[in-house]
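Subject: Structure handover

Hi,

Here is the structure I promised to pass on.

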Amino acid sequence: MRKLAEALYLAVIALWVGGLWAIGYLVAPVLFSSLGDRQLAGMVAGKLFALIGWVGLGIAAYLVIFLITRWGGQVFKRAVFWLVILMATMVAASQFGIQPLMAQLKVDALPREVMESVLRDRFAAWHGISSILYLMQSLLGLWLVVWSGRGLR
C-alpha cells in the first residue's frame with residue numbers, strides 16, 4: 001500500500017504542475033491566437049483555469065494528507081509541505097477571491113463586454129494580479145517537482 005501511495009503522490013504532482021503549465025502556457029495562448037472571438041477564447045480559458053484550480057485544491061489536500069501521514073509532527077520541518085501549503089493558498093486566493101471578483105465585474109459591465117466598459121481598468125488590474133499569481137504558482141510547481149523526492153525521503 002505504501003508503494004501505491006508514493007506512486008500516487010508523484011503522479012498527482014505531475015498532474016497538477018503539468019496541468020498548470022499546459023493550460024497556462026500552451027492552451028490559453030493557442031485559444032487566443034486561433035479563435036477569432038476573444039470573448040469566447042477568454043470564456044474557455046477561464047473555465048480551464050477554474051478546472052485546474054479545483055484539481056489543484058484536491059491534489060493539495062491529498063499531498064498534505066500524504067505528507068502528514070508519512071512524517072507526522074515532523075512534517076512542519078519539511079520544506080515540501082510548506083511549498084504545497086503556499087501553492088494551495090495561492091489557488092484558494094484565486095478561486096475564492098480574484099476569480100469571483102472578476103466574474104462580478106463582467107456582470108456589472110452588462111450589457112457591454114467588460115473590456116468595452118468603464119470597468120475595463122479595474123478588470124485589467126485584477127487580471128494582471130491573477131496572471132502574476134498564476135505565474136508564481138507555476139514556478140513554485142516546478143520547485144515542487146524538483147523537491148518531490150524530499151517528501152518521500
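This is a predicted model: local features need pLDDT of at least 70, side-chain atom pairs count only at pLDDT 80 or more; totals for chains, interfaces and linings use all residues.

Residues are numbered from 1 along each chain as its sequence is written, and side-chain values use heavy atoms, with hydrogens and water left out.

The protein has four helices and zero strands, counting DSSP runs numbered from the N terminus (H or I of at least four residues for helices, E of at least two for strands). From the N terminus on, the order is α-α-α-α. Along the principal axes, the C-alpha atoms fill a box of roughly 55 × 30 × 20 Å.

Start with α1 (residues 2-34) and α2. Their axes come within 9 Å and cross at roughly 160°; axes here are lines fitted to C-alpha atoms, for helices over the stretch in contact, and angles run from 0 to 180 degrees between N-to-C directions. The two helices are therefore roughly antiparallel to each other (over 145 degrees; under 35 is roughly parallel, 65 to 115 roughly perpendicular and the rest oblique). The contact of α1 with α2 has 26 nonpolar, four polar and four charged residues.

Next along is α2 itself. Its 34 residues should span 50 Å at 1.5 Å a residue, and the end C-alpha atoms are 47 Å apart, which agrees (the expected span is 1.5 Å times one less than the number of residues). Just after α2, G72 takes a positive phi of about 60°.

Helix α2 (residues 38-71) also packs against α3 (residues 79-109), at an angle of about 150° and with the axes 9 Å apart. This pair, α2 and α3, is therefore roughly antiparallel too. Where they meet, F49, W54 and L67 are among the α2 residues, and F81, Q95 and F96 are among those from α3 (contact means heavy atoms within 4.5 Å). The residues of this contact divide into 17 nonpolar, two polar and no charged.

Finally, look at the loop between α3 and α4 (120-147), where P111 is found. The peptide bond from L110 to P111 is cis, with omega near 15°.

Cheers

Notes
Ala, Val, Leu, Ile, Met, Phe, Trp, Tyr, Cys and Pro count as nonpolar, Asp, Glu, Lys and Arg as charged, and the others, Gly among them, as polar.
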